[in-house]
Structure formats: C-alpha cells, structure tokens
Amino acid sequence: MPESAAEVTAAGIARLAGVGRAAVSNWRRRHPDFPRPVGGTETSPSFVLADVEQWLRAQGKLAEVPLRERVWQQVAGHPSGVVTALVRAGAVLLLLRERSAAWLELAAASDERLAETLPAALEETLTRRFGAERAVRTPPAAELAGSVPLLRGAAELAAEAGARQVFEFLLGRHLDANPRQYTLTPPGPAALMAALAATSSDARPTVLDPASGSGTLLRAVRTPSVLCAQDTDPDLAALAALRLALASGAEVRVRTGDSLRADAFPGLAADAVLCHPPFNERNWGHEELAYDPRWEYGFPARTESELAWVQHALARLRPGGTAVLLMPPAAASRRSGRRIRADLLRKGALRAVVALPAGAAPPYGIPLHLWVLRRPATGVAASPELLLVDATGDGRPGAAGRDRLDWPAVHTAVLDAWLPFDKHGTVAETPGASRAVPVIELLDDDVDLAPARHLPPPAAGGGATELAEVRERLSATLSRTVALTPPPAAPPRTDPAGAARPTGVTVGELARAGALELRAGGASSAGASAGPVRVLTEHDVLATQQASGTLPEEAAEDAVLLRAGDVVVPVLGGGSVARVVDETTAGAALGRNLQLLRPDPAALDPWFLAGFLRGTANHRQASSYASTATRLDVRRLQLPRLPLAEQQRYGERFRALAVFEEALRLAGRLGERLVRGMYDGLADGTVEP
C-alpha cells in the first residue's frame with residue numbers, strides 16, 4: 001500500500017454505500033475478499049479508500065462514488081490528518097478562485113509535476129492574500145505529493161459548486177464530526193452579533209475577532225474592508241484565514257497566539273469587534289497582566305476572565321466603535337465584577353445587555369447574554385440609560401435548545417429594540433421584552449445587569465380575555481378527544497381450527513427485496529443565515545411538530561428530502577416513535593439521528609408500517625445499549641407479512657390512533673397554558689379571584 005493512500009473507516013464505507021454500519025460489519029464477516037484493515041484500532045479499523053471503492057463496485061453495491069463524497073473521504077482519510085488536508089485543499093481552492101488560469105495550466109501536468117510546481121504558485125497567492133506574516137503555511141513539494149488526488153478532486157468539485165461552497169462543505173463536515181473538539185458559534189447568534197455591531201457610517205468596516213475560532217463571526221460581517229482575527233490554535237487560525245479569504249474580497253489578517261497575553265494587533269483601531277471568548281478561564285494571565293493599560297475600567301479578578309476580554313475589545317476600538325461579545329449570564333451579576341460593571345456604566349461604554357434563549361450557543365443548556373459596548377468618544381456625554389432586552393421567550397415556545405430556536409424571531413425582537421435605542425438613546429418599554437433603564441437605577445451594591453431582574457414578565461396567560469379563549473379551545477379539544485377515543489379493543493379473530501399468526505419479515509429483508517428504501521439523516525440545522533430548506537429534526541419528530549430547523553444553502557445538495565408517505569424513525573433514545581410524513585412536512589430535509597423508510601406504495605401501506613414499528617416489543621428486540629444511549633437498529637424491526645388490503649385495514653386504525661394521540665397532546669398543552677395563566681394572573685392582579 002502506498003504510504004500516502006487515503007484511508008476510510010467503517011462509518012465512511014457505510015456513507016459511501018448508503019447503508020448502516022452493521023451492514024459493513026456483515027460484509028467483513030461474510031466476504032473473505034473484503035479489503036483488510038490497514039490502520040486504526042481493533043474496534044475502529046481503517047481501510048484503503050481506493051480498495052474499498054473497487055470492492056464495492058465489483059459487488060454491485062456502488063455504481064459510482066459521488067464527487068462530493070469522494071473528496072470528503074480523501075480529506076477524512078488523509079495520512080497527514082484532516083486539518084492538514086483541509087488547509088491544503090483550501091489553499092488550492094483560493095488559488096483556483098483568484099488565479100484560475102494559473103491552476104488550469106498547473107493541473108494539465110502529471111501528478112509528479114503538479115506537486116513540484118504547485119508550491120511556488122501557492123506561495124505567491126497566499127502572500128498576496130495574507131501577507132508575509134500569515135497563519136497559512138505553504139507546503140513543500142515533498143508534502144504535496146500524497147495530496148494531489150485530493151487537490152484535483154477539490155478543484156473539480158469547485159468547478160461545479162464554487163470554491164467557497166466546497167470549502168464550507170468540507171470544513172462543516174469536519175466541525176460537525178468533532179463537536180467536542182471545538183467551541184463553535186452557530187450562524188444564528190453570529191448573524192445577530194454582526195447586525196448589532198453594524199452602523200450606517202461603517203459601509204466597509206474594519207472588524208476584529210480576538211478569539212476567532214473557525215471564523216464564523218467575521219464571516220457574518222457584510223461588506224467588510226479588513227478582517228482581523230487571532231486564535232491560540234494554529235490549525236483553527238489557518239482554517240479561519242482560508243474561510244474568510246474565500247468568503248469575501250476583504251483584506252484578511254489572521255494571526256496565531258493568545259490575544260490577552262500576546263496581542264497581535266496592539267495598534268488597531270477597529271470599527272467593530274465581535275468576540276465569543278472562552279468562558280470561566282482561570283489561567284488568562286491575571287498575574288503577568290496586572291499593570292496592562294487595557295484595564296481602563298478596573299483590573300479583572302482571576303475569576304472574571306470575560307471582563308478582561310470586554311476591556312480588550314474596547315481597547316481595540318476606535319472612538320465610537322462598537323463591540324459585541326457573547327457572555328455567560330453570570331458575568332452580569334457576579335459580585336467580583338460589580339466595580340468594573342459600574343465603571344462601564346458610568347463612562348457609557350456598556351450600551352445594552354441582551355438575554356438569549358437557552359440553546360443559542362455552547363454551552364447549550366445556559367441562556368447566554370450579548371453585551372453591546374461602545375468606545376466612548378472625547379467630548380461625548382455618557383448615555384444615561386442602558387438597554388436591557390430579554391429575548392428568552394422569542395424562541396419557539398417549549399422548544400428551547402439547540403436546533404429548535406426560531407432565530408428570525410429572536411433576530412427581529414432584538415434589533416427592534418436596539419436600532420431605535422442606538423439612534424435616539426432611549427426606546428419605549430415593551431413589557432417583558434425590553435426597557436431602557438436609567439443607569440442610576442443600576443448603580444447599587446450589586447450592579448446586577450441581568451435583564452430578567454429589571455423586566456418583570458407579563459402575565460403568561462395574557463389577561464382574562466385571552467384565558468377565556470384558551471379555556472374555550474381546551475373545552476373544544478377535550479370534546480374532540482372524547483369523540484376520537486378508540487372503541488373497545490376487539491379480541492383477535494381466529495378460525496375454528498385456530499389460525500397461525502402471519503409470518504414476520506424484517507425491515508432489512510424488505511429493503512433488500514425492494515419493498516422499501518432506507519436512508520439515514522445527516523442534515524445539520526443552522527440559524528438566521530441559513531437557506532430556504534427546512535430540516536425535520538429529532539426533536540420535531542418526538543414532539544410531533546412541523547420542521548423547525550433550516551439548512552445552509554451549501555449543504556442542500558447532500559440532504560435527503562422527505563416525501564409524503566415516508567416513515568421517519570428516531571434511532572437514539574429508546575422511545576417507540578414513528579412518524580408518517582404528510583404534505584406539510586414534505587420537502588424538508590431529514591435531520592440527524594433519524595432514519596427514513598420510503599415504502600413502495602404497491603407493496604407497503606405507510607401507516608401499517610409506522611404502526612407496527614412503534615410496537616414496544618419490536619423496539620426492545622431491535623435496540624442495542626451503549627454506555628450512554630440506546631440505539632435502534634431499524635433493519636431488525638419486524639412486521640407481519642400481510643396482503644396490501646389487510647395492511648390498509650390496519651393502517652386506518654393506526655392513523656386514527658395517531659389523530660387521537662395528537663388531540664391528547666394539544667389538550668395537554670392548552671391545559672398547561674390555562675393553569676399557568678391562571679396562576680400568573682391571580683398573582684399579578686390581572687385576574688380576579
């Protein structure tokens with residue numbers, strides 16, 4: 001085997017062939033000619049990608065590997081690592097974008113000649129784009145030799161989809177596959193932060209992110225002139241540089257290092273700073289930075305690393321420039337930071353605190369805050385008011401959490417309060433949502449800036465009139481539930497001789513016979529900057545609600561789109577759930593941790609299929625147990641062999657049960673809303689006893 005051969009894991013083989021990992025394990029046991037492992041571990045071996053493709057094609061299990069999948073497998077199996085492969089592919093995509101004629105001339109040569117001549121072309125392009133001091137290193141010819149197939153594939157894919165889209169696809173695959181390795185800012189809060197930092201005077205601003213990560217915040221900036229970024233991780237710095245250069249024509253300056261200890265932009269006067277700093281860092285430089293001139297508002301305590309980042313951001317702004325930071329909620333109320341918060345208020349540097357819904361960004365279980373700050377300008381009086389916005393209720397009701405937030409609603413609610421406040425210095429109060437609070441009211445012993453403390457929420461029920469409407473809806477729903485209650489269960493029908501039960505057949509056997517098609521979900525939902533494709537998430541299926549996620553435009557090509565009559569099953573968690581897709585959900589993309597079963601209507605009734613898949617005993621025998629979760633092997637689920645007419649008879653009964661179940665769910669939600677509204681109304685005086 002060549003040392004530079006790309007490798008692929010069992011999960012990658014399953015993706016190539018469109019099957020589950022269990023099928024790959026079966027192939028390895030049953031076929032002696034299946035390629036031998038060449039690396040990895042005993043529990044997670046790796047195989048030569050070219051050998052696997054050849055075997056799959058010879059077995060008729062692979063007609064042709066899609067180009068996108070081939071390129072990704074070359075990245076994932078690169079002998080030098082995924083990040084190295086991404087950086088080299090990104091550099092070639094940048095060369096292709098900026099000097100397409102030069103790439104075409106180079107690519108016409110042999111692989112050996114391309115590896116020899118490519119470094120000079122990359123050096124010229126990278127230097128022109130990033131300068132002599134840059135985060136992206138030019139690889140020598142010896143290192144490029146094993147990457148040539150990947151580079152050719154990436155360029156070929158870019159000819160179809162565009163260089164930026166290809167890099168976003170590959171980078172997104174890597175980040176999605178390693179969620180614990182990186183702390184990422186989702187597109188929703190990134191777009192909101194960029195909008196808060198934008199001002200009419202900064203048509204083409206200079207923007208800094210001192211903890212840039214993969215560059216998501218800077219990528220959300222519209223029409224920038226200069227993008228400056230710094231990160232402690234050299235790999236992320238290189239990826240961010242290529243991502244930003246491919247996304248816009250702005251000047252890109254990316255440096256590696258700790259912004260607090262070794263600031264790479266000490267003389268910068270940016271128009272805006274966007275930052276998602278690391279939270280709760282104790283080792284941020286408290287000892288060695290005690291006399292740093294950036295601490296204009298007070299020396300942060302060891303436990304207040306976030307306030308160090310706040311002052312670093314202010315120090316890198318021009319007078320009148322705006323900074324937006326994603327902050328933990330504790331930073332607004334910890335006693336150790338009250339003196340700095342008070343000074344930020346007195347000098348007019350802190351302009352707004354926005355409470356976001358839980359699930360906006362990692363850590364997803366905490367409702368994070370946005371702090372909007374402005375560098376005070378000489379001769380301009382400090383603002384007497386601070387804007388407090390509570391957007392925790394603007395996400396989808398009852399669906400707080402990752403991939404479940406209504407980001408357009410959050411975006412609108414926050415900007416509707418901020419834009420008039422930014423223009424006039426004050427804004428009319430919206431009960432429970434926003435208020436311009438006089439600074440003098442906040443300068444007490446605690447200097448607590450948590451919006452919820454200063455914005456008493458309105459009655460949940462909306463007053464007696466709305467509660468009456470809820471009660472009427474609940475009464476109507478309860479009446480409908482009674483009407484939908486299933487009739488008494490009938491005993492099984494048997495003939496005088498005692499007929500045997502129908503033989504069973506597994507979903508895997510039906511798939512092999514062509515009676516249904518199996519597809520695994522993988523769409524990752526995003527936020528406000530997402531494209532028009534909806535995503536049916538795991539939560540949507542469990543909560544029986546409409547598709548709530550959205551899909552980035554560059555990922556739409558790979559998505560599995562739903563059709564009416566499809567059956568969707570969650571594969572994690574151990575619950576007995578199966579959903580038949582209707583016309584309102586058709587067209588949405590299949591989300592993660594979901595399995596699609598697409599029955600042939602001439603052979604299988606979808607409601608019959610979904611009903612038997614929900615059987616408790618069926619799920620128990622088809623589930624496997626790991627240390628932290630239960631996983632369902634959909635192929636092992638069973639259903640009886642019955643004629644289509646008999647299936648439809650069962651299907652009608654299962655459909656009626658589903659309608660009854662939904663009526664019960666609605667009654668429960670309305671009842672909970674009525675009870676909560678009555679409690680709140682009686683407590684705040686909007687409802688009489």
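## Helix 5 and its packing partners

In what follows, helix axes are lines fitted to C-alpha atoms over the stretch in contact, and the angles between them run from 0 to 180 degrees between N-to-C directions. The structure described here is a predicted model. In this model, helix 5 packs against helix 10 (residues 163–177) at an angle of about 170°, and the two axes are 9 Å apart. Angles over 145 degrees count as roughly antiparallel, and helix 5 and helix 10 are therefore roughly antiparallel to each other. On the side of helix 5, the contact involves Val 82, Val 83, Leu 86, Gly 90, Leu 93 and Arg 97. These meet Ala 163, Val 166, Phe 167, Leu 170, Leu 171 and His 174 of helix 10. By class, the residues of this contact comprise nine nonpolar, two polar and one charged.

Helix 5 (residues 82–98) also packs against helix 6 (residues 100–107), here at an angle of about 120° and with the axes 5 Å apart. That angle makes helix 5 oblique to helix 6. Helix 5 contributes Val 92, Leu 95, Leu 96 and Glu 98 to the contact, while helix 6 contributes Ser 100, Trp 103 and Leu 106. Five of the residues in the contact of helix 5 with helix 6 are nonpolar, one is polar and one is charged.

## The surroundings of Ala 154

Ala 154 belongs to helix 9 (residues 148–161). Its relative accessible area is 0%, so Ala 154 is buried. When neighbours within four places in sequence are left aside, the contacts of Ala 154 are with Val 71, Ala 89, Leu 93 and Val 166. Among these, Leu 93 is also part of the contact of helix 5 with helix 10, as is Val 166 on the side of helix 10.

Ala 154 and Leu 67 are separated by 87 residues in sequence, and their C-alpha atoms lie 8.8 Å apart in space.

## Aromatic pairs

The count of aromatic pairs comes to ten. One of them joins Phe 608 and Tyr 650 in an edge-to-face arrangement, with 6.3 Å centre to centre and 65° between the planes. Phe 608 lies in helix 22 (residues 606–613) and Tyr 650 in helix 24 (residues 644–684), so this pair ties together parts that are 42 residues apart in sequence. The two partners can also be described by their accessibility: Phe 608 is buried at a relative accessible area of 0%, whereas Tyr 650 is partly exposed at 34%.

Phe 612 and Phe 654 form a pair whose ring centres are 5.5 Å apart. Their planes stand at 80°, so this pair is edge-to-face. Phe 612 is in helix 22 and Phe 654 in helix 24, and the pair links parts of the chain 42 residues apart. Elsewhere, one aromatic cluster is formed by Trp 27, Phe 34, Phe 47 and Trp 55.

## Backbone features in loops

A cis peptide bond, with omega about -5°, joins Pro 362 and Pro 363. Pro 363 is located in the loop between strand 9 (350–355) and strand 10 (369–374).

Thr 223 is not a glycine, yet it has a positive phi of about 45°. The loop that holds Thr 223 runs between helix 12 (216–219) and strand 5 (226–231). With a relative accessible area of 47%, Thr 223 is partly exposed. Asn 280, likewise not a glycine, has a positive phi of about 55°. Asn 280 is found in the loop between strand 7 (270–275) and helix 14 (305–315), and at 52% relative accessibility it counts as exposed.

## Overall composition and confidence

The protein has 24 helices and 23 strands. Of its 689 residues, 50% count as buried. Among contacts between residues at least 6 apart in sequence, 72% join residues at least 24 apart.

The average pLDDT of the protein is 86, and 90% of the residues score at least 70. Over residues 397–401 the pLDDT stays under 50, and the model has seven contacts beyond four places in sequence for this stretch. Residues 526–531 also have a pLDDT below 50; beyond near neighbours in sequence, this stretch has 20 contacts in the model.

Key. Residues are numbered from 1 along each chain as its sequence is written. This is a predicted model: local features need pLDDT of at least 70, side-chain atom pairs count only at pLDDT 80 or more; totals for chains, interfaces and linings use all residues. Side-chain values use heavy atoms; hydrogens and water are left out. pLDDT is the predictor's confidence in each residue, from 0 to 100. Contact means heavy atoms within 4.5 Å. Helices (H or I, at least four residues) and strands (E, at least two) are DSSP runs, numbered from the N terminus. Angles under 35 degrees count as roughly parallel, over 145 as roughly antiparallel, 65 to 115 as roughly perpendicular and the rest as oblique. Ala, Val, Leu, Ile, Met, Phe, Trp, Tyr, Cys and Pro count as nonpolar, Asp, Glu, Lys and Arg as charged, and the others, Gly among them, as polar. Rings of Phe, Tyr and Trp (its six-membered ring) pair if their centres lie within 6.5 Å; planes under 30 degrees apart count as stacked, over 60 as edge-to-face and the rest as tilted. Buried means under 20% relative accessible area, exposed over 50%, partly exposed in between (1.4 Å probe, protein chains only).
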